[in-house]
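Okay everyone, let's get going. I'll walk you through one model today, starting with a helix and then moving on to charged pairs.

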Amino acid sequence: MKEKTFSRDSILALIGAFCYISCATMAMPITAGFTKSLGGTPELMGIMTGLMYLVSLCVRPVAGNLADKIKKSTLTIWGSGLMLVTNFVYAIAPNLWVLTIARVVCGIGYAACTVGLSTWFSMLVPSNRVGKAMGIYGTMQAISMAIVGKVAISVTEFVNENKIIDIDGGGERVTFVISALFAVITFGLSFMIKDRGEPIVKEGAPKKKIRLLDINVLPVALILMLFTIPYNATQGLIKEYVPARGFDVDAGWFITMYAIFLIFLRVGFRNFFDKVKYRNFLFISLVSSLVAMTCLHFVNNYVLMGVASLCMAGGYGIMCSVTQATAIKLAGGKENRGVANSTYYMGFDSGMALGPTIGGFLMAKLPVDMFYPALMLCSVIAFVIYLVCKKKIDNA
């Protein structure tokens with residue numbers, strides 16, 4: 001009898017993943033505006049927006065070790081619980097101090113959710129289908145990021161324009177409540193999954209030491225970081241880049257087209273993540289990323305923008321799924337998947353944090369037409385890391 005990829009438990013975990021990512025994504029595009037409404041400076045607006053990811057990056061090693069030592073359900077319950085509480089706190093925050101504390105605590109909850117739920121999910125699917133399953137897992141996250149950010153902006157603008165709640169940051173406060181409700185769903189589903197994600201302890205094995213990261217996974221995490229930097233630099237700065245180059249196109253369409261292409265590509269490649277070697281995906285994605293950045297360098301029409309968004313999805317977007325599946329294989333056993341997922345997400349978070357920072361530096365220090373040629377160096381460095389660690393990566 002053919003073994004099913006998805007069981008009742010894994011489907012519930014997928015829904016939970018969609019909802020906690022929606023919680024984080026919904027708060028992301030409105031945090032800067034809310035910070036401003038509380039009296040924050042432009043610099044503080046940027047810091048407050050990225051604060052959750054910075055805290056998450058610092059907490060991930062702890063979450064990764066916990067994921068291998070305690071029930072995955074426990075880690076997910078605590079993580080989603082912190083996210084739902086802090087989003088309600090956002091909604092009633094009277095000043096920047098309260099908002100700052102809530103962002104820090106939310107970062108802890110986000111780290112616990114990402115590591116706990118992704119590790120839990122990977123254990124709920126057959127070992128020979130992990131690549132396919134993680135591809136679908138990534139697709140659920142992509143769908144959330146494609147839809148929820150736009151919904152957050154629309155809800156906030158509607159409430160503010162119609163003065164439904166006539167106080168500072170009224171629209172944002174309503175949106176934060178909706179964001180919290182997504183975390184409530186993840187929290188509830190965590191109790192409904194029958195397999196609680198018990199830690200795997202091999203009989204006679206020595207007590208496991210605390211590890212900050214999985215050294216076997218580190219090379220692919222660094223490669224993912226280098227794919228993420230150009231992507232997030234583009235996401236954060238394309239609205240400034242396009243007019244600076246004098247191009248007559250709507251930059252917002254890039255994000256929309258990217259999300260659509262990413263969903264189709266991840267669904268289309270879902271059966272190949274377990275069958276095709278990492279190096280093959282890497283070569284294709286490197287070329288795809290370079291083509292994307294070349295098109296963005298000349299993006300003076302929507303055809304080039306469409307090609308750029310497709311190739312960015314085929315580069316960074318596909319590498320996210322491939323790298324997470326490879327990280328799990330490199331971990332060497334289910335009992336190590338917590339630290340493996342933690343290391344993967346450290347690469348992801350580093351790229352998310354460094355992308356806008358490096359992009360902003362390039363925009364300030366170099367001629368604007370050197371923006372993407374400079375970012376292409378990320379692809380070169382990623383290829384060098386692969387060559388140095390080729391033997392270890394190819395054995396995954």
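By buried I mean under 20% relative accessible area, with exposed over 50% and partly exposed in between, using a 1.4 Å probe and protein chains only. Helices here are DSSP runs of H or I, at least four residues, numbered from the N terminus.

Quick housekeeping: this is a predicted model, so local features need pLDDT of at least 70 and side-chain atom pairs pLDDT 80 or more, while totals for chains, interfaces and linings use all residues. Residues are numbered from 1 along each chain as its sequence is written, and side-chain values use heavy atoms, leaving out hydrogens and water.

Back to helix 9, residues 278-297. Its 20 residues should span 28 Å at 1.5 Å a residue, and the end C-alpha atoms are 28 Å apart, which agrees. That expected span is 1.5 Å times one less than the number of residues.

Now, how many salt bridges does the structure hold? Two, taking a salt bridge as a side-chain nitrogen of Lys or Arg within 4 Å of a carboxyl oxygen of Asp or Glu.

One joins Arg8 and Asp9, at 3.0 Å, N to O. Arg8 is partly exposed at 41% relative accessibility, whereas Asp9 is buried at 11%.

The other is Lys71 with Glu198, closest N and O atoms 3.6 Å apart. This pair links distant parts of the chain, 127 residues apart: Lys71 sits in the loop between helix 2 (42-69) and helix 3 (72-92), Glu198 in the loop between helix 6 (170-192) and helix 7 (218-245). Lys71 is partly exposed at 33%, and Glu198 is partly exposed at 43%.

How values were computed:
Helix = DSSP H or I, 4+ residues; strand = E, 2+ residues; numbered from the N terminus.
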